[in-house]
Amino acid sequence: MNTRQLKEEDWETLQKWWSAWPKWEAPPKDFLPDNGTSGIMVEKDNKPIVAGFLYKTNSKVVLLEWIISNPEYRESDRDSAIELLISSAEDFVENIGCKFMFTIIQHDKLIKMHEKLGWKKDPRPSHELIKVI
């Protein structure tokens, strides 16, 4: 498996993934960092498996958000691909001189994977609020 930066050409693939997962809706492209290109894609044999977006801030914090996976990829190394995405994001954040990562997750499996990698979960649930202006 390898990782790479998201490219403009990935947008169509990501939209298909969002559409295929129940109860998911693709965010608008301009809601995503750098118009959908600031993030990481994990691939195996040139087949995209999972992607996530990195929002850089004006502090030492980077947000890892909108993790989405290929719903058709059902190989035994699927969890390893997700772990590689998260750990690669951590490496990127460290390499650009940031110290903290933040994410908002609703899915239990993804929460457990982050916790396995040393992330701390706030015991109080929160809600995401978005307003289109």
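**Figure 1. Secondary structure of the protein chain in a predicted model.** The chain holds 3 helices and 5 strands. Helices (H or I, at least four residues) and strands (E, at least two) are DSSP runs, numbered from the N terminus. From the N terminus on, the order is β-α-β-β-β-α-β-α. The radius of gyration is 14 Å, close to the 14 Å that the globule rule gives for 133 residues, so the chain is as compact as a globular protein of that length. That radius is taken over C-alpha atoms, and the rule is 2.2 Å times the number of residues to the power 0.38. Along its principal axes the C-alpha trace spans about 35 × 35 × 30 Å. Residues are numbered from 1 along each chain as its sequence is written, and side-chain values use heavy atoms, without hydrogens and water. Local features need pLDDT of at least 70, side-chain atom pairs count only at pLDDT 80 or more, and totals for chains, interfaces and linings use all residues.

**Figure 2. Surface, burial and charge of the protein chain.** Of the 133 residues, 38% count as buried. Buried means under 20% relative accessible area, exposed over 50%, and partly exposed in between (1.4 Å probe, protein chains only). The chain exposes about 8,800 Å², and carbon and sulfur atoms supply 50% of that area. Areas come from the Shrake-Rupley method with a 1.4 Å probe. The chain has 19 positive and 22 negative charges, and their mean positions are 4 Å apart. Lys and Arg count as positive, Asp and Glu as negative; His and the chain ends are not counted. Each charge is placed at NZ of Lys, CZ of Arg, CG of Asp or CD of Glu.

**Figure 3. Ala-20 and Pro-71.** Ala-20 lies in helix 1 (residues 11–20). Ala-20 is partly exposed, at 46% relative accessible area. Pro-71 is 51 residues from Ala-20 in sequence, yet the two are 6.8 Å apart in space, C-alpha to C-alpha.

**Figure 4. The surroundings of Thr-103.** Thr-103 sits in the loop between strand 5 (100–102) and helix 3 (108–116). Thr-103 is buried, with a relative accessible area of 19%. The Thr-103 side chain reaches the backbone oxygen of Leu-64 at 2.5 Å. Neighbours within four places in sequence aside, Thr-103 is in contact (heavy atoms within 4.5 Å) with Leu-64, Glu-65, His-114 and Trp-119.

Technical notes. Polar contact = N/O pair within 3.5 Å; in protein donor to acceptor, adjacent residues only side chain to side chain.
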